[in-house]
Each structure stands twice: as structure tokens, then as C-alpha cells.
Amino acid sequence: MTEQHQSRVVEVSFEVLEWDESVYEEPTEGPRMSRVSIRKRYRGALDGTGTGVVLTAGGTTGGGYVVSERFEGALDGHHGTFVLQHGGLADGSERRTYGTVVPTSGTGQLTGIASRSVEFEHGLLRLEYVL
């Protein structure tokens, strides 16, 4: 990520509008695996919609997910699109998320966006980015 521009951190609320899950493997032992089509609505400094595919693997005490999600809307008043790739892991009560904006995925006024981190909590996205 270029050091010419100063990074900015935004915390944005979101709601899941659609969650269409399809289980593709459910073994007698080991985690259940699913593919989920998702649509979200973001409000705040990031204002728009996200659509993507979530792959999940989960058992009784742990699990994980990975997502490729295309955002369309405005970030701090700059209009365009970009792709987030993010995921999370849970081991009992311990949870962590990770992610980034896919390099060169920005369009419109979001061309050139780069990120250091993407963190998700229930209903909240924290994005550190440079534009």
C-alpha cells in the first residue's frame, strides 16, 4: 500500500438483507460445509450494498468462513465499487476476523483503493483504507 496517502479508519454498521444457504457437505464426523449467497446494506461513511458468496465450515465448537463481497456505493463520498475478501475463525469463545480490499478492484472514484485491514463484528465493519 502506498505511503503517500494517509490511511483512514471507518466503522460502519450493516444489516444482512439476504442469506441464502446451501449445504454442500454434511459428514457424520467433521464440520458441515455450506455456500451462502449474501446481500448486505451498509450505512455511514460506507453507504451502499454488498453482494457476495460466503463459504463456511462449522462444527459444535469451532468454525470458519471466507467471503468475496463486491461493494457498490460510496465511501466517504467517493462513488464506485470494490471487492472485499474477508473471513473469520471461531474456536470456542475465541473469535477473530481478517480481510482486505482486493488490489486493483476499485472502480469509479474508488479506483486505487487499498486497505490494511478489514474487521467484522456482528453488524459492524471496521475498515482501514487509503484512497
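Phe14 is buried (under 20% relative accessible area, where over 50% is exposed and anything in between is partly exposed, with a 1.4 Å probe and protein chains only), at a relative accessible area of 15%. This comes from a predicted model, in which local features need pLDDT of at least 70 and side-chain atom pairs count only at pLDDT 80 or more, while totals for chains, interfaces and linings use all residues. Residues are numbered from 1 along each chain as its sequence is written, and side-chain values use heavy atoms, with hydrogens and water left out.

Phe14 sits in strand β1; strands here are DSSP runs of E with at least two residues, numbered from the N terminus. Setting aside neighbours within four places in sequence, Phe14 is in contact (heavy atoms within 4.5 Å) with Lys40, Arg41, Tyr42, Phe120, Glu121, Gly123, Leu124 and Leu125. Thr28 is 14 residues from Phe14 along the chain, yet their C-alpha atoms are 35 Å apart.

Next come the strand pairings, where a pair needs at least two DSSP bridges between the strands. β3 and β4 run antiparallel over 13 bridges, with Ala57 opposite Gly64 of β4, and a hairpin of 3 residues links β3 to β4. β4 also pairs with β5, again in the antiparallel sense, over 14 bridges. Here Gly62 has Asp91 of β5 as its bridge partner. The β4–β5 hairpin has 2 residues between the strands, and Asp76 in that hairpin takes a positive phi near 50 degrees.

Within β5 (residues 78–91) lies Thr81. Thr81 counts as buried because its relative accessibility is 8%. The side chain of Thr81 makes a polar contact with that of Thr107 at 2.5 Å; such a contact is a pair of N or O atoms within 3.5 Å, and within protein one must be able to donate a hydrogen and the other to accept it, with residues adjacent in sequence counting only if both atoms are side-chain atoms. Beyond the neighbours within four places in sequence, residues in contact with Thr81 include Arg70, Phe71, Glu72 and Leu110.

The largest pocket holds about 640 Å³ of space. Among the 26 residues lining it, Tyr65, Thr97, Phe120, Glu121 and His122 are the closest to its centre. A pocket is an open set of points on a 1 Å grid over the protein atoms alone, where a 1.4 Å probe fits, with protein on both sides within 12 Å along at least five of seven lines; lining residues have an atom within 4 Å of a point. The volume is the space filled by probe spheres set on the points, joined across faces, edges and corners. β4 gives the most to this lining, with 5 residues.

Definitions and conventions
Helices (H or I, at least four residues) and strands (E, at least two) are DSSP runs, numbered from the N terminus.
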